[in-house]
Amino acid sequence: MKKTILACAVLTACSHAGADQGSLNISGFGSLGVAKSNTNEAQFVRYNQAEGIGDQARIGLDTNLGLQASYGFNERLSDTVQVLTRKNTSPTFTTDLTWAFLKYKATDELNVRVGRVALPVFMISDYQNVGYANTMMRPPVEMYAQAPIESGDGIDFNYQHALGDTTLNAQGVLGVSRGKLFLVSTGTVATYRAPVRGLSVSAEHGPLTLRAAWLGASMSSNDITPVNALAGTLRNAGFGQLGDDLAVSGKKMTFAAVGATLDWNKLLLQAEYGQRRAKDKVYIPDTNSWYAMAGYRIGKVLPYYTHAVAKSAGTSITLPAGFPASGALSGAVRGALTASEQSSDTLGVRWDFTKSIDLKVQVDRVHPHQRNGMLIYAPAAGLQRSVTVAAASLDFVF
């Protein structure tokens with residue numbers, strides 16, 4: 001956690017500190033990365049990206065730039081705005097407003113924020129886009145693709161309490177998330193709206209941090225073209241209820257995760273396990289995902305290894321009696337209900353060669369198991385082999 005603490009100290013909103021009274025603080029972060037794979041049959045991406053990398057070296061996978069401004073009106077009230085430029089659901093670099101909130105310091109232990117905030121889904125949700133704050137070059141896609149909602153507009157609280165040598169933290173959020181989702185099957189983008197509520201709790205004791213989180217969302221989208229077309233075909237074929245079940249129209253979804261980090265002397269361990277579940281009938285399949293990382297510091301150099309897995313946990317939809325067991329319609333429905341499964345092995349090294357800048361070199365061996373895993377633009381018949389991705393990046397904060 002040492003580099004995380006330093007990055008959060010630079011990025012004041014990450015530590016919820018805000019700006020001093022009457023002062024404007026400007027900070028930022030960024031990564032300049034280049035990556036290539038050993039195939040052009042499919043593209044490797046971060047979650048929710050419309051363009052990835054193939055057998056030609058490109059900078060779009062891991063490159064980003066974030067700028068942040070915080071102003072303190074008085075000792076209790078401050079505001080923070082953050083914008084982030086990256087490649088996400090567009091094949092070109094775009095800039096999004098990622099944070100924009102007013103923060104009220106109710107007590108020394110309790111802060112309340114109103115506006116756009118990061119949703120407390122994962123261990124590194126607050127700083128997942130800050131390369132310098134993370135050991136790995138990018139969050140494991142097997143975990144982070146399961147809940148691609150990053151921010152919400154509403155209200156949240158952050159509570160911190162010291163209990164002896166242990167620090168307890170809690171964050172709760174209530175609001176609405178709006179954004180875009182890249183649809184791999186058609187190469188198009190759909191918009192969504194999702195009222196959200198969430199809670200995360202953590203405990204820090206010396207080098208050990210334990211965390212648990214839960215997020216609930218009611219997902220709605222009226223422009224997921226392949227699902228809408230399939231639902232229409234089902235209605236015409238006499239399976240209207242099944243068509244309604246597939247649609248993303250106010251369907252309740254949950255994501256729960258537990259994680260732990262141990263940063264002890266030269267040893268660094270980090271692991272996280274998550275479950276996505278549909279509480280209403282919807283085409284989005286249930287999944288289980290996890291990753292584990294181990295690293296060991298040798299001076300300013302930190303080599304690390306990560307193994308990550310995403311697996312299906314079933315579906316909320318039961319096919320009706322009389323539904324065909326084979327044929328084009330059956331294949332389309334069963335395909336839509338099938339989760340993407342993937343595992344990966346990552347070997348990398350981080351070198352903190354100067355103040356506030358690191359160099360990372362990382363190699364991922366990606367093993368798609370079902371529906372081409374999280375790779376995009378793969379052959380319709382499926383990718384029959386693993387993919388190797390090599391990358392390097394310079395990460396910085398200022």
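Trainee: What should I know before reading the values?

Mentor: This is a predicted model, in which local features need pLDDT of at least 70 and side-chain atom pairs count only at pLDDT 80 or more, while totals for chains, interfaces and linings use all residues. Residues are numbered from 1 along each chain as its sequence is written, and side-chain values use heavy atoms, with hydrogens and water left out.

Trainee: How many salt bridges does a search of the whole structure find?

Mentor: Side chains of opposite charge can pair when their charged atoms come close. A salt bridge is a side-chain nitrogen of Lys or Arg within 4 Å of a carboxyl oxygen of Asp or Glu. The search of the whole structure finds 17. One of them joins D364 and R138, at 3.0 Å from N to O.

Trainee: Where in the chain do D364 and R138 lie?

Mentor: D364 is in strand β15 (residues 357-370), and R138 is in the loop between β5 (110-118) and α2 (141-144), 226 residues apart. Helices (H or I, at least four residues) and strands (E, at least two) are DSSP runs, numbered from the N terminus.

Trainee: Is D364 buried or exposed?

Mentor: Buried means under 20% relative accessible area, exposed over 50%, and partly exposed in between (1.4 Å probe, protein chains only). D364 has 6% relative accessibility, so it counts as buried. R138 is also buried, at 6%.

Trainee: Which residues are linked in a network of salt bridges?

Mentor: The network links R350, D352, D358, K360 and D395. Within it, K360 pairs with D358 at 3.5 Å and with D395 at 2.4 Å. K360 lies in strand β15 and D395 in strand β16 (residues 387-397), so this pair ties together parts that are 35 residues apart in sequence. Both K360 and D395 are buried.
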